[in-house]
Amino acid sequence: MRPLTLFLLLVCQTLFAQTSFTPVAKTQLDTWLTTAKATSEVNANAVPNLYGNHGLALKNLEDSNSIFNYGLSLTTALQPGLATATENPLSDGGHQIANEAEQAYLGAIALFSKHGRANIMLGLLYNQLGKYMQSEPYLEFGLQLEEGGEDWMVAANQYLLAGAYTYNTDEQKYQDVYKKFKQYAHTSGIKNGPYYLKMAVLYVSYYEK
């Protein structure tokens, strides 16, 4: 292969491997947070950690974990708003923060497609925004992780939630996940066991007709 051709090939491969996601400037993030705080959509206690992860993401644009942690920090800080986003639309600032989190998760996945938590958290974010149809493929990736494990339980719970809201509870793939989820929820010692037991009871009316 000619030297110039080889050089161009290497350049293209490098560009392809890089993520297209770059965190917004801190000044822009501050503006969004100020707007979202005015409508009580932001957990002020989570903001310092968000700033820390924002800086780390800017310094490590090719590290999927750094990009994921930034997305997670955005989601965590916005939880007061996301908790009621399906009933009370987010403010412009809150919407921008949620969009930034979405892009961060997608950026982490672009860098490492098998990033389980990035897939799961993106699916969870879509659910919180009421975008249940969009969450399915990302949560299904999470269901490929160790069954009954912490990440699997998060993915399964969100998957069943999406199935209920999209009226797909009769589909076999949802039924299969429900049976496993119910089984693991009743396993002693599982993390967040009481919460999953509560959800398992709630899902009875949707998945056992």
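User: Which residues in α6 meet which residues in α7?

Analyst: This is a predicted model, in which local features need pLDDT of at least 70 and side-chain atom pairs count only at pLDDT 80 or more, while totals for chains, interfaces and linings use all residues. Residues are numbered from 1 along each chain as its sequence is written, and side-chain values use heavy atoms, with hydrogens and water left out. Contact means heavy atoms within 4.5 Å. From α6, Ala98, Ala101, Glu102, Tyr105, Leu106, Ala108 and Ile109 meet Ala118, Asn119, Met121, Leu122, Leu125 and Tyr126 of α7. By class, this contact has 11 nonpolar, 1 polar and 1 charged residues. Here Ala, Val, Leu, Ile, Met, Phe, Trp, Tyr, Cys and Pro count as nonpolar, Asp, Glu, Lys and Arg as charged, and the others, Gly among them, as polar.

User: At what angle do helix α6 and helix α7 pack?

Analyst: Two packed helices are described by the angle between their axes and the distance between the axes. Helices are DSSP runs (H or I, at least four residues), numbered from the N terminus. Axes are lines fitted to C-alpha atoms over the stretch in contact, and angles run from 0 to 180 degrees between N-to-C directions. Helix α6 (residues 92–111) and helix α7 (residues 116–128) pack at about 155°, and their axes are 9 Å apart.

User: How many salt bridges does the count come to?

Analyst: Side chains of opposite charge can pair when their charged atoms come close. A salt bridge is a side-chain nitrogen of Lys or Arg within 4 Å of a carboxyl oxygen of Asp or Glu. By this rule the count comes to 7. One of them joins lysine 173 and glutamate 140, at 3.3 Å from N to O. This pair links distant parts of the chain, 33 residues apart: lysine 173 lies in helix α10 (residues 172–185) and glutamate 140 in helix α8 (residues 132–142). Glu136, Glu140 and Lys173 are linked in a network of salt bridges.

User: Is lysine 173 buried, partly exposed or exposed?

Analyst: Buried means under 20% relative accessible area, exposed over 50%, and partly exposed in between (1.4 Å probe, protein chains only). Lysine 173 has a relative accessible area of 32%, so lysine 173 is partly exposed. Glutamate 140, at 28%, is partly exposed.

How values were computed:
Helices (H or I, at least four residues) and strands (E, at least two) are DSSP runs, numbered from the N terminus.
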